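Please examine the structure shown below before reading on.

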Amino acid sequence: MIKFFRKIRYNLMEKNLPSGQAGKTGKYLKYAIGEIILVVIGILIALQLNNYKENEKLNDTRQKYYLQLLEDLHKDIQFSNNIINRLQIDRQAYNNYLEHFNNTELKPMEVYNELMALNILSSTIDFNSSTIESLRSSGELILFPLEIRSKLIDLLRMQEATLKIVADNDGGKSDLLMNLGLVRGASTLVNRLHNKPELKAYLNIEQNLPQIILGLEAAHKWKDISEKNTIHNLNEVIENIESIIDMIESEMKNN
């Protein structure tokens, strides 16, 4: 490209070349100015090519991160929906117990057995946030448009808040179950005592049945309230994720 400009400059200079010393001076002056212009043009072209390559490199990196994010986000939606379904099954079982309790005259041992049949265990919740956290810690979130960056940070905060709430709620329920264990023993102890009449008579767990029923009622009510909040939070997380997926897919199509 520079050779092409140089040839044009040389031809123009030859056509307009004056005679004598003034011509030589003008020739050298034009030559020097022409060389400077060619150097400047060459530098600008090189910078433009370099910027183009850098932009292409950044765009490739951005596209790779988009793909990683989409994979993580789709997994989070699937995981969150699975957890919601599991929690809703537990909530329905608890509601069935309440309906049966309210509409039937149950004996104390029947109440105990029905409470024991409910799932008291909590579901483990985790999110695929490693890509977002890596982008945030490395500073590469700057590669993305401002709206997507803000949405990703909001999502990360929402997920962290959800995990903290779940952990706090599990802690409260665990305290109730720990106190319950002092008057009931392990949850399987009552059944294991059927073939041990002497030990059963000695422990006389039945005398603690009022405290046991009250403890189970409190633990399951705590679990009911906690899991309703978790379902609400997970639905908000899913809604946020879906909006981010739409934004990323739109960006990928435009690029």
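The second largest cavity of this predicted model holds about 80 Å³ of space. Its lining is formed by Met109, Tyr112, Val190, Leu193, Lys200, Asn204, Ile205, Glu206 and Leu209. Sorted by class, these lining residues comprise 6 nonpolar, 1 polar and 2 charged.

How many cavities of 30 Å³ or more does the structure hold? There are 3 of them. The largest cavity contains about 120 Å³ of space. It is lined by 13 residues, and those closest to its centre are Ser122, Val166, Asp170, Glu227 and Thr230. Two or more lining residues come from each of H5 and helix H8, which covers residues 209–254. The largest share, 5 residues, is given by H8. By class, the lining of the largest cavity has 4 nonpolar, 5 polar and 4 charged residues.

Helix H5 deserves a description of its own. This helix runs through residues 146–184, 39 residues in total. From its first C-alpha to its last it reaches 56 Å, close to the 57 Å expected at 1.5 Å a residue. After H5 comes Gly185, which has a positive phi, near 80°.

The largest nonpolar core here has 31 residues, of which Phe144, Leu152 and Ile248 touch the most other members. The elements that give two or more residues to this core are H2, helix H4 (130–138), H5 and H8. With neighbours within four places in sequence left aside, Ile248 is in contact with Tyr66, Leu69, Leu70, Leu73 and Ile148. Another core lies apart from the largest one and has 17 residues, including Tyr112, Leu180, Val183 and Leu216. Tyr112 also belongs to the lining of the second largest cavity.

Is Gln63 buried or exposed? Its relative accessible area is 16%, and therefore Gln63 counts as buried, since the cut-off for a buried residue is under 20%. When residues up to four places away in sequence are not counted, Gln63 touches Met252 and Asn255.

Notes
Residues numbered from 1 in each chain as written. Predicted model: local features only at pLDDT ≥ 70, side-chain atom pairs only at ≥ 80, totals over all residues. Heavy atoms only, no water. Helix = DSSP H or I, 4+ residues; strand = E, 2+ residues; numbered from the N terminus. Expected span 1.5 Å × (residues − 1). 1 Å grid on protein atoms, 1.4 Å probe; cavity = no way out; pocket = protein on both sides within 12 Å on 5 of 7 lines; lining within 4 Å. Points joined across faces, edges and corners; volume = space filled by probe spheres on them. Nonpolar A, V, L, I, M, F, W, Y, C, P; charged D, E, K, R; others polar. Buried < 20%, exposed > 50% of the residue type's maximum accessible area, 1.4 Å probe, protein only. Contact = heavy atoms within 4.5 Å. Core = buried A, V, L, I, M, F, W, Y, C linked by side-chain atoms within 4.5 Å.
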